[in-house]
Amino acid sequence: MESPDEEPVIAPARLCDRCQVLMFDDEAAGGWLFDSSKYSEDSEDSEDSEDSENGEDSRDLEDGEDGEDDEDDEDDEEDEDDGDDKDDEYDDDEDDEDSGDGEGWENAEDCPKEGYWHLPLAYEVHDSLPGLPILHQSAREGCDFCEYLRETILLKGEVRPGEGSSRIVQLAQCGVTIHLSYSWTAPDIDPEGAGILSLEATVIPDRRSEEDITFTFILDGIEEHENVARWLRIRALPRNSNRFSPKSITWARSKINECMKYHSHVHHIPGFLPERLIDVRNHQIKLIHTRDIQSTQHYIPTYAALSYCWGPESDARHQLTTTEHSLSERLLNIPEQQMTPVLRDAILVSRALSIPYLWVDALCIIQDSKDDWEQQSFLMDKVYGNAHITISAFGSDTSTKRFVPMEQPAFYLPFQSTIDLTIKGLLKMRFYEDGYSKTKVSTRWLMFSERRQSPLMRRGWAFQESYMSTRVLEFGSHELVFRCPTLYQCIGGPEYLEREYNVVEELDKVQSDSEIHKRWQYIVEAYSKRHGGYTKPTDVLPALSGPAAYFSQKFNSQEDEYLAGMWKSNLPASVLWTVIGETVLEVTLLSDCLERLARVDNYIGPSWTWVNRGDIEFRLIHYYLSHFEPECKIDGRTSLKGINPYGEVTKGVLHVTGKIKPLPSGLKRDDNPTIVRHLQSWVLTVGGVGDWAFYLDWAPSKDEEPAGNLKAVLIGSDIANVSNCRHFLGLLIHNAGISNPGNYYRVGMFYYSPQDSSNDFFGDCEIQSIYII
């Protein structure tokens with residue numbers, strides 16, 4: 001096992017004449033970075049004296065006063081009134097003809113305000129896609145930045161979900177102009193702490209019908225040149241802050257120890273140990289049965305748990321696993337040469353933190369034993385909740401890729417202060433993200449950028465691993481982050497004393513069953529966003545077993561029954577979900593929707609559950625209503641496929657006794673241009689029967705849908721928060737066809753408000769009983 005102590009050699013970047021403007025000119029910044037008294041409200045005297053020393057470029061960073069005429073002051077006030085309108089904080093590069101000559105604040109929008117300034121550079125390149133030949137030629141002549149910028153634009157302008165192809169690919173055969181500018185953002189907690197220095201490369205297409213694309217790079221200091229970082233008021237990080245250097249190890253240990261000493265986090269079952277663990281104490285690594293160590297030791301040993309991506313099927317097949325056949329071998333030895341890179345790194349981290357044991361699903365669960373797999377899968381709340389630390393491999397999208405690389409490619413930019421010539425060194429530049437508009441970078445946003453972009457955040461199984469963990473170390477491509485339910489912090493950054501969502505901590509704060517049910521709905525909404533993150537589609541329910549098992553212990557009245565992602569005691573409210581994800585766009589015909597619901601291969605759940613519908617919300621229950629009351633009798637049951645009470649099901653039925661009525665007319669789209677088309681509600685094509693809003697489980701391509709065999713089932717009613725009038729909610733159903741006579745499928749839901757009490761659509765309904773499958 002290799003050592004984490006080796007350091008790569010730093011090579012300063014070579015710059016062409018055009019790229020010399022990247023040598024950050026701190027004098028052009030007007031001294032804003034270097035005097036923390038600028039942030040003090042009671043330092044007006046020192047500001048006045050420094051204004052005379054630094055010239056007219058000196059500004060108050062806190063309140064945005066610019067020393068210009070009253071007209072500029074009024075502009076600043078208008079900007080403040082705009083609230084969250086971020087566009088007002090940026091200046092259009094085309095207006096800054098003198099932007100590169102040190103006259104940084106000619107325009108009011110360029111001057112610092114609310115902890116932010118923007119400094120355009122005298123850099124303009126006219127190039128063309130798809131190859132960016134001008135940058136390519138400069139790179140061939142030896143400019144490292146031209147090569148770095150070109151590769152970033154061509155490789156990092158990646159495809160976003162639902163966009164079909166890269167934005168850069170879409171601009172093929174198009175001329176572009178590239179501008180550069182620096183920005184500095186004050187820290188969002190400690191005004192005298194480290195801020196964020198960023199470089200924005202704006203790609204402006206010649207086709208003005210296309211939007212500009214901005215590529216943002218972050219510049220961090222490095223520990224060897226800490227004086228540069230301190231001067232620029234940015235973080236000073238280990239050369240590779242994502243790798244486990246000695247300083248990173250010390251920092252991680254201190255965060256864990258502080259958490260254990262000062263935070264009162266609740267473990268699920270004190271003393272719990274998984275059935276099997278990997279012993280990493282000695283040179284010979286092996287799997288152990290924890291019953292053996294519990295019988296010989298007088299204390300409960302600590303262990304780390306790994307959260308990672310197995311990767312595509314081709315990589316998953318090469319994952320080192322434990323099977324019934326290999327179990328005896330794993331108990332003797334796990335050869336290092338057979339280990340995947342992710343496993344090697346997890347062992348490296350565990351040893352560095354002096355944690356003797358490690359839990360990894362591939363090795364600690366017998367993969368070809370259905371019973372063992374099911375039994376272990378609904379213990380995940382305990383496995384991750386009782387782990388000393390969860391190691392999250394955010395920087396890896398497969399088991400074959402390391403998340404603690406020993407060498408991380410980086411671009412090191414030389415720096416020489418033009419104010420104090422003794423301050424010189426290197427800055428580490430790295431790509432941050434790309435977007436259609438410039439987004440002001442904050443320390444909070446920076447820390448979560450890799451989490452948002454990580455494949456681990458889309459993996460279904462990783463959801464419970466994150467939500468049930470007590471403490472987590474997140475290894476991104478560039479960031480090392482510690483988080484617990486009390487705080488989160490990236491190495492070198494400020495502590496955010498805000499509660500990170502943790503199932504155990506949240507449930508300990510609530511008392512009533514109704515509040516527990518609300519918490520479950522929040523869990524389901526967040527989990528449903530990972531609907532595409534499963535190697536096997538049927539893993540949807542097993543991958544939520546841990547939180548479900550923990551919730552089942554918290555109900556006050558009696559042990560509740562779990563029904564394919566819902567709780568029996570809360571069925572009326574639980575079935576009133578709406579589809580909000582783009583997966584609904586895959587089904588444009590009601591007939592296709594019914595066909596999908598009738599399939600028995602890869603069965604996930606009945607039509608009335610959310611588990612096979614992608615991204616969903618309980619929007620009406622959460623946001624509009626206050627006191628929900630059932631208007632029907634409703635009962636449900638499911639049949640389990642195996643021994644896991646929270647796992648896969650083979651069928652399910654909902655028995656509803658209440659008011660059921662065919663729709664009085666067809667439906668038409670309630671066309672609202674402010675709402676995404678597939679999220680728009682539908683209304684009846686005839687009036688006079690109250691106000692309706694239908695939310696369909698399919699996405700019709702046309703703007704009208706015939707009534708056909710659609711029926712409305714009244715489920716419950718409530719008092720709306722705003723109007724204080726009673727409103728009704730229910731399901732839209734359709735008969736299940738000749739293969740399931742007498743049964744129905746759920747195909748949507750509705751929200752109904754009678755115009756008055758005498759015009760109740762359901763008033764003359766007879767009570768009926770139906771079965772929804």
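Hi everyone, let me start with how helix axes are set up: they are lines fitted to C-alpha atoms, for helices over the stretch in contact, and angles run from 0 to 180 degrees between N-to-C directions. Helices here are DSSP runs (H or I, at least four residues), as are strands (E, at least two), numbered from the N terminus.

The model is predicted, with local features needing pLDDT of at least 70 and side-chain atom pairs pLDDT 80 or more, while totals for chains, interfaces and linings use all residues. Residues are numbered from 1 along each chain as its sequence is written, and side-chain values use heavy atoms, leaving out hydrogens and water.

First up, a helix pair. Helix H3 (residues 133-140) and helix H4 (residues 144-156) have axes that come within 7 Å and cross at roughly 140 degrees. H3 and H4 are therefore oblique to each other; angles under 35 degrees count as roughly parallel, over 145 as roughly antiparallel, 65 to 115 as roughly perpendicular and the rest as oblique. On the H3 side, Leu135, His136, Ser138 and Ala139 make the contact, and they meet Cys146, Glu147, Leu149 and Arg150 of H4 (contact means heavy atoms within 4.5 Å). Sorted by class, that contact has four nonpolar, two polar and two charged residues. Ala, Val, Leu, Ile, Met, Phe, Trp, Tyr, Cys and Pro count as nonpolar, Asp, Glu, Lys and Arg as charged, and the others, Gly among them, as polar.

On to another pair. Helix H16 (residues 460-467) packs with helix H18 (residues 513-528) at about 140 degrees, their axes 10 Å apart. That makes H16 oblique to H18. Gly460, Phe463 and Tyr467 of H16 touch Ile523, Ala526 and Tyr527 of H18, giving five nonpolar, one polar and no charged residues.

On a 1 Å grid over the protein atoms alone, a cavity is a set of points where a 1.4 Å probe fits but cannot get out, and a pocket is an open set with protein on both sides within 12 Å along at least five of seven lines; lining residues have an atom within 4 Å of a point. The second largest pocket is lined by 39 residues, with Arg596, Leu597, Ile604, Gly605 and Asn612 nearest its centre. Helix H21 (590-598), strand S21 (633-640) and strand S22 (649-662) are the elements giving two or more residues to that lining. The lining divides into 17 nonpolar, 14 polar and eight charged residues.

Finally, the largest cavity: 15 residues line it, and Val579, His678, Leu679, Gln680 and Leu696 lie nearest its centre. Its lining has nine nonpolar, three polar and three charged residues.
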